[in-house]
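Me: I would like a close look at one part of this protein. Please describe the nonpolar core and the charged pairs that accompany it.

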Amino acid sequence: MNALKNKVQLIGNLGQDPEIVNMENGNKLAKFSIATSESYKNAKGEKTEDVQWHNIVAWGKTAEIVENYLAKGKQVAVEGKLTHRSYETKEGEKRYITEVRCNEILMLGK
């Protein structure tokens, strides 16, 4: 059960081309976002679609796969763990972000 303590699985479409960062130590980082959607009928019986955006980060070999094969609009399945972090903007404002640290990726669709 330890493997299930912090596990996220999502299927969605990339909202834009991945951002690739080459670190000084030679490691590679890929950042991208995917949209997931869910359809349901609201109280009036109208079909409604709820779209959620998820920030994804991948390191190392997974980042290389992202760099070589993924682009805006591609459908992917990602598996990883949920992480939270904070950072400061250039103006000194503290911002918080939630990301999925991807350890597996599966390309779907065409």
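Reply: The account below treats the core, the strand pairing, the salt bridges and the surface in turn. The model is predicted, so local features need pLDDT of at least 70 and side-chain atom pairs count only at pLDDT 80 or more, while totals for chains, interfaces and linings use all residues. Residues are numbered from 1 along each chain as its sequence is written, and side-chain values use heavy atoms, with hydrogens and water left out.

The largest nonpolar core comprises 16 residues, and Phe32, Ile34, Ile56, Val78 and Ile105 have the most contacts inside it. Such a core is a set of buried Ala, Val, Leu, Ile, Met, Phe, Trp, Tyr and Cys residues joined through side-chain atoms within 4.5 Å. Buried means under 20% relative accessible area, exposed means over 50%, and partly exposed lies in between (1.4 Å probe, protein chains only). Two or more residues are contributed to this core by each of β1, β3 (28–41), β4 (47–59), α1, β5 (75–88) and β6 (94–108). These elements are DSSP runs numbered from the N terminus: helices are H or I with at least four residues, and strands are E with at least two. In soluble globular proteins, nonpolar side chains tend to be buried together.

Isoleucine 105 illustrates the packing. Leaving aside residues up to four places away in sequence, isoleucine 105 touches Phe32, Thr62, Ile65, Val66, Leu70, Val76, Ala77 and Val78, where contact means heavy atoms within 4.5 Å.

Strands pair if DSSP finds at least two bridges between them. β1 and β5 are antiparallel, with 6 bridges, and leucine 10 has valine 78 of β5 as its bridge partner. β1 also runs antiparallel to β3, to which 2 bridges join it; leucine 14 stands opposite isoleucine 34 in β3.

The whole structure contains 4 salt bridges, each defined as a side-chain nitrogen of Lys or Arg within 4 Å of a carboxyl oxygen of Asp or Glu. Side chains of opposite charge can pair when their charged atoms come close. Among the salt bridges is that of glutamate 79 with lysine 7, at 3.9 Å from N to O. Glutamate 79 belongs to strand β5 and lysine 7 to the segment before β1, so this pair ties together parts 72 residues apart in sequence. Lysine 7 is partly exposed, at 40% relative accessibility.

Another salt bridge joins glutamate 67 and lysine 28, at 2.7 Å from N to O. This pair links helix α1, which holds glutamate 67, with strand β3, which holds lysine 28, across 39 residues. Glutamate 67 is partly exposed at 35% relative accessible area, whereas lysine 28 is buried at 15%.

Arginine 85 and glutamate 99 also meet in a salt bridge, at 3.0 Å from N to O. Because arginine 85 lies in strand β5 and glutamate 99 in strand β6, the pair ties together parts 14 residues apart in sequence. Arginine 85 is partly exposed at 36% relative accessibility, while glutamate 99 is buried at 8% relative accessible area.

Isoleucine 65 lies in helix α1 (residues 60–69) and is partly exposed, with a relative accessible area of 35%.
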